[in-house]
Amino acid sequence: MRPTITAFATSPDGGMGLARDMRVRWALEEVSQPYDVRLVTFAEMKEPAHLARQPFGQIPTYEEGSLTLFETGSIILHLGLTRPGLLPDDPDARARAITWLICALSTIEPPVIEREGFELTEADKPWFHARLPLLDDKVRTRLGSLSAALGSADWLEGEFSAGDLMMIEVLLRLEDPSLPGADLLHEFPTLAAYADRGRARPAFQRAFAAQKAVADAIREKASSS
């Protein structure tokens, strides 16, 4: 059955590939699974129909027959467990790939998002310049450990896996020059190259183009009105 995901009708990132439906789009492209997209406005995200799919009024959601999922980690894990291409066949390697997926969300992403949110919301506060280096160092500590774990390998667990997909999606939040902390990733050349390998994958390119097309259509509509 062809699954349906939800995505922003108007994405806050303007088509830069950072909205979290990108993670699910990329996973679906990696497993060659066609899918439909239901675009929702910010108002619709708080209405009962969407809250029945996502209790916290966020995107993305994933619907496939009677199954409805939210949280990108859960959705991507489901795709990895039900379709070939995102998780290794070997049980031990599969368990390690799942561990990296969870690591991306629970160990690497929190300090990245904390730093990003701090600069976006508190740049005008008197404590900003005193606290920012502390947040930078928290991110650097995590990136240093991740860089050491990756070493000279192309991917975290042998072949590309769902763990790499999620990890690279988190790292790309640091690479976009329009966001705070854009220079931090490039302090770690091993990780910058790792992110480039992920972004060069054809499945990533297809997913990025699909998400960007939504933002481009909105801009075109606005310019013609």
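Me: Okay, a crossing of two helices is left-handed if the near helix is turned anticlockwise from the far one by less than a right angle, and right-handed if clockwise. So which is the crossing of α4 and α5, left-handed or right-handed?

Reply: In this predicted model, α4 and α5 make a left-handed crossing.

Me: At what angle do the axes of α4 and α5 cross?

Reply: Roughly 160°, and the axes come within 10 Å. For that pair, α4 covers residues 91–122, and α5 covers 128–150.

Me: What does that make α4 and α5 to each other?

Reply: Angles over 145 degrees count as roughly antiparallel, so α4 and α5 are roughly antiparallel.

Me: Which residues make the contact between α4 and α5?

Reply: On the α4 side, W100, T107, I108, P111, V112, E114, R115, F118, E119 and E122. On the α5 side, F128, R131, L132, L135, D136, K138, V139, R142, L146 and A149.

Me: And how many of them are nonpolar, polar or charged?

Reply: The contact of α4 with α5 has 11 nonpolar residues, 1 polar and 8 charged.

Me: Let's stay with α5. How far apart are its end C-alpha atoms?

Reply: They are 33 Å apart. That agrees with what you'd expect, because 23 residues at 1.5 Å a residue should span 33 Å.

Me: Which residues of α5 are buried?

Reply: F128, L132, L135, D136, V139, L143, L146, S147 and L150.

Me: What do those buried residues pack against?

Reply: They pack against α4, α6 and α7, with α7 covering 189–200.

Me: Tell me about the α6 side. At what angle do the axes of α5 and α6 cross?

Reply: Roughly 140°, with the axes coming within 13 Å. Roughly antiparallel needs an angle over 145 degrees, so α5 and α6 count as oblique to each other. The crossing of α5 and α6 is left-handed.

Me: Which residues make that contact, α5 with α6?

Reply: V139, L143 and L146 come from α5, and M167, L171 and L174 come from α6. By class, the contact has 6 nonpolar residues, with no polar and no charged ones.

Me: What follows α5?

Reply: G151 does, and its phi is positive, near 60°. You'll find G151 in the loop that joins α5 to α6, where α6 is 162–175.

Me: How far is G151 from L191 in space?

Reply: C-alpha to C-alpha, G151 and L191 are 9.2 Å apart, though 40 residues separate them in sequence.

Me: New topic. Which residues other than glycine have a positive phi?

Reply: S32 is one of them, with phi near 55°. E71 is another, with phi near 75°. For background, most residues other than glycine have a negative phi.

Me: Where do S32 and E71 lie?

Reply: S32 is in the loop between α1 (21–30) and β2 (36–40). E71 is in the loop between β4 (67–70) and α3 (72–82).

Me: You mentioned α1 and α3. At what angle do they pack?

Reply: About 5°, with their axes 10 Å apart. Angles under 35 degrees count as roughly parallel, so that's what α1 and α3 are to each other.

Me: What makes the contact there?

Reply: R23, V24, A27 and L28 of α1 meet T72, I75, I76 and L79 of α3. That contact has 6 nonpolar residues, 1 polar and 1 charged.

Me: Where is the cis peptide bond?

Reply: From I59 to P60, with omega near 5°. P60 is in the loop between α2 (48–51) and β3 (61–64). In general, most peptide bonds are trans.

Me: Last one: what does T4 touch?

Reply: D36, R38, T61, Y62 and E63, leaving out residues up to four places away in sequence. T4 is in strand β1, residues 4–8, and T4 counts as buried because its relative accessibility is 17%.

Note on methods. Residues numbered from 1 in each chain as written. Predicted model: local features only at pLDDT ≥ 70, side-chain atom pairs only at ≥ 80, totals over all residues. Heavy atoms only, no water. Helix = DSSP H or I, 4+ residues; strand = E, 2+ residues; numbered from the N terminus. Axes fitted to C-alpha atoms, helices over the stretch in contact; angles between N-to-C directions. Parallel < 35°, antiparallel > 145°, perpendicular 65-115°, else oblique. Contact = heavy atoms within 4.5 Å. Nonpolar A, V, L, I, M, F, W, Y, C, P; charged D, E, K, R; others polar. Expected span 1.5 Å × (residues − 1). Buried < 20%, exposed > 50% of the residue type's maximum accessible area, 1.4 Å probe, protein only.
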